[in-house]
Amino acid sequence: MTVTLADVAARAQVSPATVSRVLNGNYPVAASTRERVLRAVDELDYVLNGPASALAAATSDLVGILVNDIADPFFGIMASAIQSEIGGPGGRAGGERLAVVCNTGGSPERELTYLTLLQRQRAAAVILTGGAVEDAAHVAAVDNKLRKLADAGTRVVLCGRPPSPDAIALTFDNRGGGRQLTEHLIALGHRRLGYIAGPEERTTTRHRLEGHRDALAAHGIEDDPKRTVWGRYDRRAGYDATLELLRRDPSLTAVVAANDTVALGACAALREAGLRIPDDVSVAGFDDLPFSIDAVPALTTVHLPLSDAGARAGRIAMGREEPPPGGIATVHGELMVRGSTGAPRE
């Protein structure tokens with residue numbers, strides 16, 4: 001059944017003229033009214049710019065790429081690799097597609113907003129990168145959006161994100177990588193390890209921390225709560241968290257960081273505290289971002305093939321590579337042992 005402007009107006013309890021003003025953006029409308037109209041548009045799947053019956057299943061030359069923070073190399077590398085693969089035959093502009101990078105800033109609300117906007121634009125493909133927010137209501141809302149996109153003919157691919165029923169997923173083995181890092185430090189002789197986790201609500205944070213804890217448990221090492229500090233995935237968080245870890249337990253011999261950027265902050269804090277790396281305290285990161293090997297000393301980390309995974313996601317989204325069996329593939333990391341880790345001084 002075709003959804004009309006009048007249907008949207010009735011759902012939002014406004015006039016059709018008000019709906020038109022909100023959608024065209026050419027006349028001031030109260031924020032509360034605008035929100036009601038946009039919610040009604042979303043709930044009814046009203047399709048803009050033409051008869052819904054003719055356009056609902058059509059797709060444009062637009063490809064949406066959702067990232068948490070485009071300034072973070074983790075996301076920038078994947079977005080760049082995805083964009084390099086989205087050209088090809090079938091587009092109306094020399095075979096090219098228009099890539100739109102949507103920077104959510106880690107906001108669940110922005111993530112849903114971008115998915116709604118891409119649905120309205122009848123995007124040819126949508127690729128979501130990085131971890132997801134672990135909130136049941138948000139997960140359900142995202143799954144619902146992805147289902148609507150898929151039903152309208154949009155190819156949905158997840159890259160580095162847990163699976164969803166209506167999407168193809170390339171998941172990162174964050175748990176396995178986290179375990180590898182801690183196993184490496186334990187093998188060197190470390191028993192007093194501090195851990196700097198990312199934001200508590202992110203899947204990536206939980207999986208990497210679970211890997212760390214699995215390794216501790218396998219070797220009979222107590223998981224002391226005071227040796228874990230939570231923070232953002234940035235340098236300042238790593239710096240502050242390391243100072244807090246040292247305050248709680250000055251006897252730490254190693255720090256495992258949620259990612260390489262956090263690890264850099266940890267290194268800075270240790271140096272300011274007069275500690276040498278790795279002579280006094282070893283440091284490990286995660287992701288193997290480009291600067292990791294140039295840090296002094298170079299970071300021991302887990303290499304995730306971000307560029308390869310992004311390129312594969314782009315090819316799958318464009319139909320130029322077959323999806324993995326069952327629609328899900330696990331991308332494993334590789335432990336890169338460098339100068340920032342060594343045997344503890346007892």
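A residue is called buried when its relative accessible area is under 20%, exposed when that area is over 50%, and partly exposed in between, with a 1.4 Å probe and protein chains only. Helices (H or I, at least four residues) and strands (E, at least two) are DSSP runs, numbered from the N terminus.

The model is predicted: local features need pLDDT of at least 70, side-chain atom pairs count only at pLDDT 80 or more, and totals for chains, interfaces and linings use all residues. Residues are numbered from 1 along each chain as its sequence is written, and side-chain values use heavy atoms, with hydrogens and water left out.

**Exercise 1. Helix α11**

Solution. 
- Step 1. Helix α11 covers residues 260–272. The expected span is 1.5 Å times one less than the number of residues.
- Step 2. A contact means heavy atoms within 4.5 Å.

**Exercise 2. Helix α12**

State which residues of α12 are buried and what follows the helix.

Solution. 
- Step 1. Helix α12 (residues 306–317) has 12 residues; its first and last C-alpha atoms are 16 Å apart, close to the expected 16 Å.
- Step 2. Its buried residues are Leu 306, Ala 309, Gly 310, Ala 311, Ala 313, Gly 314, Ile 316 and Ala 317.
- Step 3. An α-helix has 3.6 residues a turn, so residues three or four places apart point the same way.
- Step 4. The packing partners of these buried residues are α5 (73–84), β3 (125–129), β4 (155–159) and β5 (168–172).
- Step 5. Gly 319 follows α12 and has a positive phi, near 75°.

**Exercise 3. Aromatic pairs**

Find the aromatic pairs in the whole structure and classify the geometry of Phe 74 with Phe 75.

Solution. 
- Step 1. Rings of Phe, Tyr and Trp (its six-membered ring) pair if their centres lie within 6.5 Å; planes under 30 degrees apart are stacked, over 60 edge-to-face, and the rest tilted.
- Step 2. Phe 74 has a relative accessible area of 8% and Phe 75 one of 7%; Phe 74 is buried, as is Phe 75.
- Step 3. Phe 74 also pairs edge-to-face with Phe 172, at 6.3 Å centre to centre and 90° between the planes. This pair links distant parts of the chain, with Phe 74 in helix α5 and Phe 172 in strand β5, 98 residues apart.
- Step 4. Phe 74, Phe 75 and Phe 172 form one aromatic cluster.

**Exercise 4. Ala 71 and the whole protein**

Locate Ala 71 and give the share of buried residues in the protein.

Solution. 
- Step 1. Ala 71 lies in the loop between β1 (62–67) and α5. With a relative accessible area of 65%, Ala 71 is exposed.
- Step 2. Ala 71 and Met 318 are 247 residues apart in sequence and 25 Å apart in space, C-alpha to C-alpha.
- Step 3. The protein has 12 helices and 12 strands, and 52% of its 346 residues are buried.
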